[in-house]
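Hi,

Here is the structure I promised to send over.

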Amino acid sequence: MARETHDSRTLTDAERDAVEQGRLFGRLPLALRDAILGRAYVWRFKDGERVLPAGAQPGHWLGVASGELLGRTCSAQEGQSIPTHLLGPGAWMTLYSPVCVVRRRGIEFVASGPTCVLAVSRDDTLELCSRGPELVMAMLSLCAINLRYAHLIVQEAQTSTLEQTLLRWLESGVQIEDGRRDGSFKVYRSVVPQAALALSSGVSRQSWNAGMARLEAMGLLERVKEGLRVPDSARLEAALKERGLRETARYLQADAQPVSAAAPLDAEPLPIRALRDDERSALDSCPWYMRLSQPLRDKLLPQLQVLRLRDQAQVAAVDHRPPGWVAVLRGGLRLVSRAPFTDPATPGRRPGTVLAEMPPGSTFFEHALIDGGNSGVDVGCEGDTTLLLLKQDPFLALMAAEPEFRLGLLHWLGICHHQICIMKLTLALPMPERLQGWLHVLGHQRGAADGPWVTIPMKLTLQEIASSLGTTRQYVAKALKELEGAGAVVRLPDSIKMRGDLFPRLGAYEGLRARHEAARHR
């Protein structure tokens, strides 16, 4: 069991320095840092000890002072752990915290090595947040970066070759000193077993090892007792650049992104009084709106605009600012990612894949408005769509003035982030279970139930589906044929019907269901 103490003076100097130098504390005034440390318990865990059980509602806001917290889930098909998160010293777990209130069924957090954790109770966290905007604004900034990182991870899972995946893993690995006096080498290690790393990348352990052997033959790494040694960091950086991979930390910074003015919309926004009765009913049933107090609704509603767009209309472009904060009332939005590397076969062209579908009740663009960066994805309408639009200036003003709105943004950002994590977990499944998991996600997001059947509007080609799943058109066609033969799927010209009660017999449905339900707005 973890040992608790109210006295943060039990932290070692190195642990305190790690917390003080973390990205969150670097955004906070000194008095607030001291207040957080004064309220924090100090918990110490042994290697492998469970910190947050799967499905448990977090009662504390956790920060890492030393060691690492590893988030993991289990592949229902393979029976192996899949790594989902890794938090090092100085990092705080904002997504799965009492403030963000995102349920994480199926994901547990364990200590990776001897680990020291700071834990602030729910009541103390909320009280600290109520002192002023600084703490929640710092959390929002980090959540915006984390969402961009989650987008990047899924983009690369969908489009990268194994060699690119290995180079990215190596570039983002945990670095430790080799111990040489000249300090000329770094050793890269991973707390995650190779089998789990391979599974999380959707490849076999044999393929992973073969890929590492190729990198070793190219002189990019050497195997040593402590892990993997990179003999020449400049050479590794050159290999990343040669293969079109951007440097991760730099890519995530808003000031490093190409940002153009918002792309023009296909229709003019209308005042909120143009909202029809059915659209108003849809708004009243949106979970994000239901969470708001009546005074905040009264302040927000007059500033919203109604945007009605036709099927396939563009809402935002990847390197452009968004038109504002949007909420989906009718239809849906399709997020299309653009990989951070170019396709060698078509220089200058960045491959695009479907990243996510945003059904009615969803909100989006919080991350780009908070950090001032670009949209990060292409966004278009899936069917005739009605959106509510809050332009950037009133959005920022409301965020600055209303503590309740700031906390709501944390929750909505957390929902988006968790949905992207679910997509990454789905991509880690083997085919055809990967296709089943993806269909199940769409069924929950956009499906209409009819007895045991769920009808999913589907306008994607087989090639688009294959790109989204990081596989080939032939594999998708084969998997769909198998599902049809088992009576679990019926393909129609503009939709797919799936029979959910048959999916448990076919593999990963049962294991995925709880994770996908956790990402829904409730």
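Strand 1, residues 41-45, is largely enclosed by the rest of the structure, because four of its five residues are buried. Keep in mind that this is a predicted model. Strand 1 runs antiparallel to strand 6 (residues 108-121), and five bridges join the two.

Next, the helix pair. Two packed helices are described by the angle between their axes and the distance between those axes. For helix 14 (residues 392-401) and helix 15 (residues 403-427), the angle is about 110° and the axes are 5 Å apart. Anything from 65 to 115 degrees counts as roughly perpendicular, so that is the label for helix 14 and helix 15. On the helix 14 side, the residues in the contact are Phe-395, Leu-398, Met-399, Ala-400 and Ala-401. They meet Pro-403, Phe-405, Arg-406 and Leu-409 from helix 15. Sorted by class, this contact has eight nonpolar residues, one charged residue and no polar ones.

What sits in the loop between the two helices? That is the place of Glu-402. Is Glu-402 buried or exposed? Its relative accessibility is 16%, and the cut-off for buried is under 20%, so Glu-402 counts as buried. If you set aside the neighbours within four places in sequence, Glu-402 is in contact with Leu-296 and Lys-299.

Last, there is a sheet further along the chain. Strands of a sheet pair through backbone hydrogen bonds, in either a parallel or an antiparallel way. Here the sheet is open and has four strands in the order 20-21-23-22, with antiparallel pairing. Strand 20 (448-450) and strand 22 (489-492) are the edge strands, each pairing on one side only. From one strand to the next, the twist averages 20°.

Within that sheet, strand 21 (residues 453-457) and strand 23 (residues 495-499) run antiparallel and are joined by five bridges. Pro-457 is the residue that stands opposite Ser-495 of strand 23. Helix 18 (residues 473-485) packs on the sheet, where it touches strand 22 and strand 23. The direction of helix 18 makes about 115° with that of strand 22.

Cheers

Terms used
Residues are numbered from 1 along each chain as its sequence is written. This is a predicted model: local features need pLDDT of at least 70, side-chain atom pairs count only at pLDDT 80 or more; totals for chains, interfaces and linings use all residues. Side-chain values use heavy atoms; hydrogens and water are left out. Axes are lines fitted to C-alpha atoms, for helices over the stretch in contact, and angles run from 0 to 180 degrees between N-to-C directions. Angles under 35 degrees count as roughly parallel, over 145 as roughly antiparallel, 65 to 115 as roughly perpendicular and the rest as oblique. Contact means heavy atoms within 4.5 Å. Ala, Val, Leu, Ile, Met, Phe, Trp, Tyr, Cys and Pro count as nonpolar, Asp, Glu, Lys and Arg as charged, and the others, Gly among them, as polar. Two strands pair if DSSP finds at least two bridges between them. Buried means under 20% relative accessible area, exposed over 50%, partly exposed in between (1.4 Å probe, protein chains only).
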